[in-house]
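Good morning, and thank you for coming. I shall take you through one protein chain, element by element, and I ask you to keep the picture in view as I speak.

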Amino acid sequence: PISSVRMLAEALCDGVVSDPDKQQVYYGLILQESAAQYRMVQEILELSRLQSRNMDFTRTAVDAEALLRPVLESYALLCDCTDVALEVDGSVYALPTLWTNAACVRQIMEILLDNAVKFVPAGGTVRVSAAVSGRTATLCVRDNGAGIAPEDLPHIFERFYRCARGDAQNGGSGLGLAIARETARGLGERIWAESEPGRGCAFYFTLRVR
């Protein structure tokens, strides 16, 4: 983002772009790239706090529906705007009381939903489901996008790793999934992905049931 901002600013400063309409486009791009840089810095700081264990992972009893419904409803609105269907299985709202950190779970869900919406094509589907086995609940965010190549799959939770997924334009920092993994680790939970190229992918993470 810094390189882009510098290039655009230099073009404006040197008078290369004189058309007012084009100048407005350049100003918009500078704001967009500045916002991307800000997000990247925030994500780096967040990852640093997680890895230094300077985060609050205190667990409490959490009502699963009260935690997850607002997140999923906000993403349902986003999906409506991007021609993507968000399907939420009834098993998600039927989850028993969880023993976890609500803020951490919300962060993981938002990262996984962000990724799914970003990579699923227009007209595609993102599906959220859950299952319970003993005292462990497993949440799944699945999409029917291009999927992840087998050679990329082992690396997707690494910092700054970005893999190509079909024709999607990935403007992310490559830190989201690394943050999700460190957050899950801080909670003592597991997170992993499964994918078949051409048939989408599924991200799973576990949560303790009270």
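In helix α6 the buried residues are Gly-176, Leu-177, Ala-178, Ile-179, Ala-180, Glu-182, Thr-183, Ala-184 and Gly-186. Please bear in mind throughout that this is a predicted model. Helix α6 runs over residues 176-186, and because 9 of its 11 residues are buried, the helix is largely enclosed by the rest of the structure. Just after α6 comes Gly-188, which takes a positive phi of about 75 degrees.

Let us turn to the sheet. In what order do the strands of the open sheet lie? The sheet has 5 strands, and the order is β2-β4-β5-β7-β6, with mixed pairing. Strands β2 and β6 form the edges, and each of them pairs on one side only. From one strand to the next, the twist averages 20 degrees.

In general, side chains of opposite charge can pair when their charged atoms come close. How many salt bridges does the model contain? The count comes to 7. One of them joins the side chains of Arg-69 and Glu-73, with an N to O distance of 3.7 Å. Both residues belong to helix α3, residues 64-81, and they stand 4 residues apart, about one turn of the helix. Arg-69 counts as partly exposed because its relative accessibility is 30%. Glu-73 is likewise classed as partly exposed, at 43% relative accessibility.

Two further salt bridges involve Arg-127. In the pairing of Arg-127 with Glu-87, the closest N and O atoms are 3.9 Å apart. This pair links distant parts of the chain, since Arg-127 is in strand β4, residues 125-133, and Glu-87 is in strand β2, residues 85-88, which places them 40 residues apart. Arg-127 is partly exposed, its relative accessible area being 34%, and Glu-87 is partly exposed at 40%. Arg-127 also forms a salt bridge with Asp-89, and there the closest N and O atoms are 2.7 Å apart. Asp-89 lies in the loop between β2 and α4, whereas Arg-127 is in strand β4, so this pair ties together parts that are 38 residues apart in sequence. Asp-89 is partly exposed, with 26% relative accessibility. Returning to Arg-69, salt bridges that share partners join Glu-65, Arg-69 and Glu-73 into one network.

Next, consider Asn-101. Is this residue buried or exposed? Asn-101 counts as buried because its relative accessibility is 9%, which is under the 20% cut-off. Its place is in the loop between β3 and α5. The side chain of Asn-101 reaches the backbone oxygen of Asp-56 at 3.2 Å. A polar atom of that side chain also lies 3.1 Å from the backbone nitrogen of Ala-103. If we leave aside neighbours within four places in sequence, Asn-101 is in contact with Asp-56, Phe-57, Thr-58, Arg-59 and Leu-187.

Helix α5 itself holds Val-105. Val-105 counts as buried, at 0% relative accessibility. Which residues does Val-105 contact, leaving aside its neighbours within four places in sequence? They are Leu-67, Leu-68, Thr-100, Phe-205 and Leu-207. Of these, Leu-67 is 38 residues from Val-105 in sequence, and the two C-alpha atoms are 8.4 Å apart in space.

I end with the cysteines. A disulfide, in general, is a covalent bond between the sulfur atoms of two cysteines. How many disulfides are counted in this model? The count is 0. Cys-13 is exposed, with a relative accessible area of 68%, whereas Cys-79 is buried, with a relative accessible area of 1%. Thank you for your attention.

How values were computed:
Residues are numbered from 1 along each chain as its sequence is written. This is a predicted model: local features need pLDDT of at least 70, side-chain atom pairs count only at pLDDT 80 or more; totals for chains, interfaces and linings use all residues. Side-chain values use heavy atoms; hydrogens and water are left out. A salt bridge is a side-chain nitrogen of Lys or Arg within 4 Å of a carboxyl oxygen of Asp or Glu. Helices (H or I, at least four residues) and strands (E, at least two) are DSSP runs, numbered from the N terminus. Buried means under 20% relative accessible area, exposed over 50%, partly exposed in between (1.4 Å probe, protein chains only). A polar contact is a pair of N or O atoms within 3.5 Å; within protein, one must be able to donate a hydrogen and the other to accept it, and residues adjacent in sequence count only if both atoms are side-chain atoms. Contact means heavy atoms within 4.5 Å. Two strands pair if DSSP finds at least two bridges between them. Axes are lines fitted to C-alpha atoms, for helices over the stretch in contact, and angles run from 0 to 180 degrees between N-to-C directions. A disulfide is a pair of cysteine sulfur atoms within 2.5 Å.
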